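Open your viewer and get the selection tool ready.

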Amino acid sequence: MVDVNAWLNDLLAGNKIFTPATMAHYWEGLVTTTQLVFVSLIIGLVLAVPLAIMRSSKRKWISLPVYAYTYVFRGTPLLIQLYIIYYGVVFFDGIQESFLWPIFREAFYPALIAFTLNTAAYTTEIFRGAIKATSKGEIEAARAYGMSESLLMRRIVIPSAFRRALPAYGNEVIFMLHASAIASVVTLMDLTGAARYVYSRFYTPFEPFLFVALIYLCLTFAILFFFRFLEKRLLAHLPSQSA
Amino acid sequence: MLDLQGYGPRLIEGAGVTVQLAVLSLLLAVFLGLLTAIAKMSRHWFLHRIATLYTTVIRGVPDLVLMLLLFYGGQIGVNAISDMLYDHFDIDIYFSFDAFAAGVLTIGFIFGAYMGETFRGAFMAVDNGQIEAGKAYGMSSVLVFRRIRFPQMMRHALPGLSNNWMVLLKTTALVSVIGLTDMVRVAAEASRATHEPFVFLVPVAVAYLLIASVTEWIFAWLQKRYNVGYGE
């Protein structure tokens, strides 16, 4: 460790902004951003699958409430949703006395809830589109085999819908990474928050913001290549895929 | 009914700022998008490279980071330019780079990249035979662009354009972070002052939905206009 520190000190000796102390801030920011994005995407995905099935139901009283939810969360800015949850969480009766308060007093969980609900809404619509696009022939064939509705969903519709949704979902992941930058608005030290902190200490806008922009760019490309790889693996059987 | 505790007029002013900002950035984005699409289709490798670099970098970085960079860095950049003008050409002018300018420039710049992709796809969807026919009539390439390529391109571009507009509208909320008093900032300030977040933030959310629905009608009307002669 001592060697690494000495090496870092040597490397960073030439400037005032990229010191070991600020690098630690950036690292902390990267960890927060990754946690926020990753956890909200996972929970959002888990929520979105049943919601998408409900959304594509023919019964209006099942599909309409889900539509109302996705309409509101896709039609309003994420920043507003974040503010409502961040400032509004206090108004749940008794939360300040409950054991949950230490958790909700921090900005992390309100941000996580806002991001999760937001990504779940977008993912629901992506999956609904994919479910709707299931070819009629496959469904008829499954029915002809005597499959029940739930078996048909599980074995035929959902697996192929997952594959069809993959490219659009990859975009949603990138969108979520970029949207997570607004966590810094509610005092969270994510990547953007770290850059804002460094800016406020040294009053040099270019180094901190360009540096985190570069990190975001690298993360975006990593996600892009990961989804390209997944698509190649999972969509290999489909024609008209560009190699 | 709804008691806005005297914040009503400021909220409406804020809504005005939001709409102005959104419309101005849309105009800038459409302009940059057209330039980008034309540059991407040009045979000139340098233009092509620049346009590709622009769309890749912009779409890979969060809008808030770009906005903060431009807002905090913009004045320094502008000052450097006016210093240079003074030193070399003896021209003494001062530009002030405020939050509104930073907002319009950033949002226009970001969505120019998205619009570029939309327009490029739409230009490529225009039938080549039509362009050749225009040339055969002796039209100059400018006239072919104005009378044949542009109107038909718009027909293909409108759905994407309308999508981009909806995202752009929501992105304008970010300007509240760099100190512009749009409706989100007024609502956030009011929430903190009165400790009643729902009273202010929920109506603002509804206002976004309203603006989105009104503009959806406009786009539907435009769609109809540009689809004349094609039918459903």
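Is G75(A) buried, partly exposed or exposed? G75(A) counts as partly exposed because it has 19 C-beta neighbours inside 10 Å; here 20 or more other C-beta atoms within 10 Å make a residue buried, 12 or fewer make it exposed, and partly exposed is in between, with C-beta atoms placed from the backbone.

A word on conventions before you move on. This is a predicted model, where local features need pLDDT of at least 70 and side-chain atom pairs count only at pLDDT 80 or more, while totals for chains, interfaces and linings use all residues. Residues are numbered from 1 along each chain as its sequence is written, with chains lettered from A and ligands numbered from 1 in the order in which they are written.

Stay on G75(A), which lies in helix α3 (residues 60-75) of chain A; helices are DSSP runs of H or I with at least four residues, numbered from the N terminus. Leaving aside neighbours within four places in sequence, G75(A) is in contact with Y208(B), L209(B) and A212(B), contact being C-beta atoms, placed from the backbone, within 7 Å.

Next, select the whole interface: 26 residues of chain A are in contact with 27 residues of chain B. On the chain A side, α4 (78-88), α9 (191-202) and α10 (206-234) each supply at least two residues, and α10(A) gives the most, with 9 residues.

Last stop: select α2 (residues 20-55) and α8 (residues 149-179) of chain A. Where they meet, look for V37(A), S40(A), L41(A) and I53(A) in α2(A), and M153(A), V173(A), M176(A) and L177(A) in α8(A).

Notes: Axes fitted to C-alpha atoms, helices over the stretch in contact; angles between N-to-C directions. Contact = placed C-beta atoms within 7 Å.
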